[in-house]
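Welcome! Take a moment to look over the sequence and the model, and then we will walk through a few of its helices together.

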Amino acid sequence: MTTLKEWREAQGWSTQRVADELGLDARSGAGTIWRWETGRSRPDADVVAKIAEITGGAVTADGMHRTRLDFLKSREAVAEAAA
């Protein structure tokens, strides 16, 4: 599985370039990409399909879902350790 961040860095693209390719708002696009890369949020299904298209299928819906789950699991582990 290739993550969006891994793919982006391998291409030498900035988060803003990915945002531009996806047609995201210039003001908040790079931050949105960062949130997707870290799993802090996830894109809508239509955007995930466009990500798969832009990356030539290297980044999939399943990969985006796993990124989000990994983030949620790490937050859960931190919360349990703090309790």
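What covers the buried residues of H3? In this predicted model, the cover includes H1, helix H2 (15–22), H4 and H5. The residues being covered are Gly29, Thr32, Ile33, Trp36 and Glu37, which are buried in H3. Looking down the axis of H3, these buried residues fall within an arc of 135°, so they line one face of the helix. Just after H3, glycine 39 has a positive phi of about 85°.

Now turn to H5, which spans residues 61–82 and has 22 residues. From its first C-alpha to its last, H5 reaches 32 Å, close to the 32 Å expected at 1.5 Å a residue. Its buried residues are Gly63, Met64, Thr67, Arg68 and Phe71. They cover an arc of only 150° around the axis, which puts them on the same side of H5. The other side of H5 has Lys73, Glu76, Glu80 and Ala81, which are exposed. Helix H1 (4–11), helix H3 (29–38) and helix H4 (45–54) are among what covers the buried residues of H5.

| H3 | Gly29, Thr32, Ile33, Trp36, Glu37 | 135° |

Finally, visit alanine 30, which lies in helix H3. Alanine 30 is partly exposed, with a relative accessible area of 22%. Leaving aside neighbours within four places in sequence, alanine 30 is in contact with Thr15, Gln16 and Ala19. Alanine 30 and alanine 79 are 49 residues apart in sequence and 28 Å apart in space, C-alpha to C-alpha.

Definitions and conventions. Residues are numbered from 1 along each chain as its sequence is written. This is a predicted model: local features need pLDDT of at least 70, side-chain atom pairs count only at pLDDT 80 or more; totals for chains, interfaces and linings use all residues. Side-chain values use heavy atoms; hydrogens and water are left out. Helices (H or I, at least four residues) and strands (E, at least two) are DSSP runs, numbered from the N terminus. The expected span of a helix is 1.5 Å times one less than its number of residues. Buried means under 20% relative accessible area, exposed over 50%, partly exposed in between (1.4 Å probe, protein chains only). The arc is that of the directions from the helix axis to the C-beta atoms. Contact means heavy atoms within 4.5 Å.
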